Amino acid sequence: MLREELGEFGFSDKEIDVYLTLLSQGEATTGTISENADVTQQAVYTITDRLEDRGLVRVNDHASPKTICAIPPEESMATLASRIDSITPVLTERFNDTEPQTPELKMVKSQKTAIKRLRDAISKAQREVIVAIPEYIYPEIESELKDAVERDLLVFLLVQDVDDLEKARNQYRGAADVVRCWSENVLFLFATDSQSRNHSTTQSVLIGDAQLLSGTHDLGDGVAVSERHLAGSVRGMFFSAYWLAGKEVFVTESDSLPKTFEWFWQAVLHARLHQKSGMDLWADIETTDGQTISGTVSQIRQALVEPPTNKHTLETSLYIETDAGEVSVGGQNTILEDYEAMSVTLRPN
């Protein structure tokens, strides 16, 4: 972990070897450092000069032979922190807070980094959260998930390596709108706001091996992406390949109506919950082309909750009986439906 953190601060592998050797020795000659750190003596001269510039070591040129002394970490870190504090206001003045132009594509190899990214993504999500984790990771993010539900986000949770479904029904109640459990443990994934139309919304997606969360290096990798098409593909892959593999253990109660939903899948979920309770629904739908479609909800195609009612993989749509006949409405980037919805208002018919 220490090597990884030093690497995040811009230390090269050889610089880390030399610095950690010096910390353990306290003070040493260049020859001793070279031998213990497995770095050439010429490289030791160059590296220790860099470390001295950073305020981490002191080079004793007057000594014979020449020695290098590690500055106590509480002193060197305090100096580093004060330097960061001194330039922060200047950097803040220069910072142009715009949407990043280059999508992220980054390998993630650390459990600590993966969980931090997961927590941050859930906390910053504005519309939707999708998470697939091993059971033992759930306590790490329980509060973030429940807070997302309180913020009225649409939350899907797939918990893996679960054998006791009865216990799971109580354990995960209220942590998501829909919770499924799976006895296998193969996937770590999260995706937030990956279908958002709002370009100021930060999409966050990471997919990898569940072993990434084991805390043991070299057992699993993950890839973090923010490019919109890739993010959408990860979301689609999750619902088509993994979501239905789990057993449904919890579904939220339906929202009170009338209610306007800005997130289409959330409208579909609650429409289906009301339909299952026997309620006939009326929908007023604002479409991306500026039309308003109103009518009775005649069909709901989905595989978000049991039983699935869609005709093909990933079909999530509402069918509305209008004066001109039945039309189909989908969410963002819809291909098969007649219209793409901006918002959906549901009320009892």
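Helix H4 covers residues 41-53, 13 residues in all, and reaches 19 Å from its first C-alpha to its last. That is close to the 18 Å expected at 1.5 Å a residue, where the expected span is 1.5 Å times one less than the number of residues. Helices here are DSSP runs of H or I with at least four residues, strands are runs of E with at least two, and both are numbered from the N terminus. This is a predicted model, in which local features need pLDDT of at least 70 and side-chain atom pairs count only at pLDDT 80 or more, while totals for chains, interfaces and linings use all residues. Residues are numbered from 1 along each chain as its sequence is written, and side-chain values use heavy atoms, with hydrogens and water left out.

Look along H4 and you will find that Ala43, Val44, Ile47, Thr48 and Leu51 are buried. They sit on the same side of H4, because they cover an arc of only 125° around its axis; the arc is that of the directions from the helix axis to the C-beta atoms. Buried means under 20% relative accessible area, exposed means over 50%, and partly exposed is in between (1.4 Å probe, protein chains only). The face turned away from the buried side carries the exposed residues Gln42 and Asp53.

What lies over the buried residues of H4? The cover includes H2, helix H3 (30-37), strand E2 (57-60) and strand E3 (67-70). Just after H4, Gly55 takes a positive phi of about 80°.

## Salt bridges across the chain

The structure holds 15 salt bridges. A salt bridge is a side-chain nitrogen of Lys or Arg within 4 Å of a carboxyl oxygen of Asp or Glu. One of them joins the side chains of Asp17 and Arg3, at 3.0 Å from N to O. Asp17 lies in helix H2 (residues 13-25) and Arg3 in helix H1 (residues 2-8), so this pair ties together parts that are 14 residues apart in sequence. Asp17 is partly exposed, with a relative accessible area of 24%, and Arg3 is partly exposed at 38%.

Another salt bridge brings together the side chains of Asp147 and Arg151, at 2.7 Å from N to O. Asp147 is partly exposed at 38% relative accessibility, and Arg151 is partly exposed with 31%. There is also a network of salt bridges, which links Glu15, Arg50 and Arg54.

Now for Arg180 and Glu306: their closest N and O atoms are 3.2 Å apart in a salt bridge. This pair links distant parts of the chain, 126 residues apart, with Arg180 in strand E7 (residues 178-182) and Glu306 in the loop between strand E14 (292-301) and strand E15 (317-322). Is Arg180 buried or exposed? At 0% relative accessibility, Arg180 counts as buried, whereas Glu306 is partly exposed, with a relative accessible area of 28%.

Val249 lies in strand E11 and is buried, with a relative accessible area of 7%. Which residues does Val249 touch, not counting residues up to four places away in sequence? They are Leu165, Ala168, Arg169, Val179, Arg180 and Cys181, where contact means heavy atoms within 4.5 Å. The C-alpha atoms of Val249 and Cys181 are separated by 6.8 Å, although these residues are 68 residues apart along the chain.

Further along, Asp255 has its place in the loop between strand E11 (247-251) and strand E12 (259-261). Asp255 is buried, with a relative accessible area of 18%. Its side chain makes a polar contact with the side chain of Lys259, at 2.6 Å. A polar contact is a pair of N or O atoms within 3.5 Å; within protein, one must be able to donate a hydrogen and the other to accept it, and residues adjacent in sequence count only if both atoms are side-chain atoms. Leaving aside neighbours within four places in sequence, Asp255 is in contact with Asp152, Phe261, His270 and His274.

## The chain as a whole

Let's step back to the whole protein chain, which has 10 helices and 17 strands. Its radius of gyration is 27 Å, while a compact globule of 349 residues would have one near 20 Å. This radius is taken over C-alpha atoms, and the globule rule is 2.2 Å times the number of residues to the power 0.38. The C-alpha atoms fill a box of roughly 95 × 50 × 30 Å, taken along the principal axes.

Of the 349 residues, 44% count as buried. Among contacts in the protein chain with a separation of 6 or more, residues 24 or more positions apart account for 60%.
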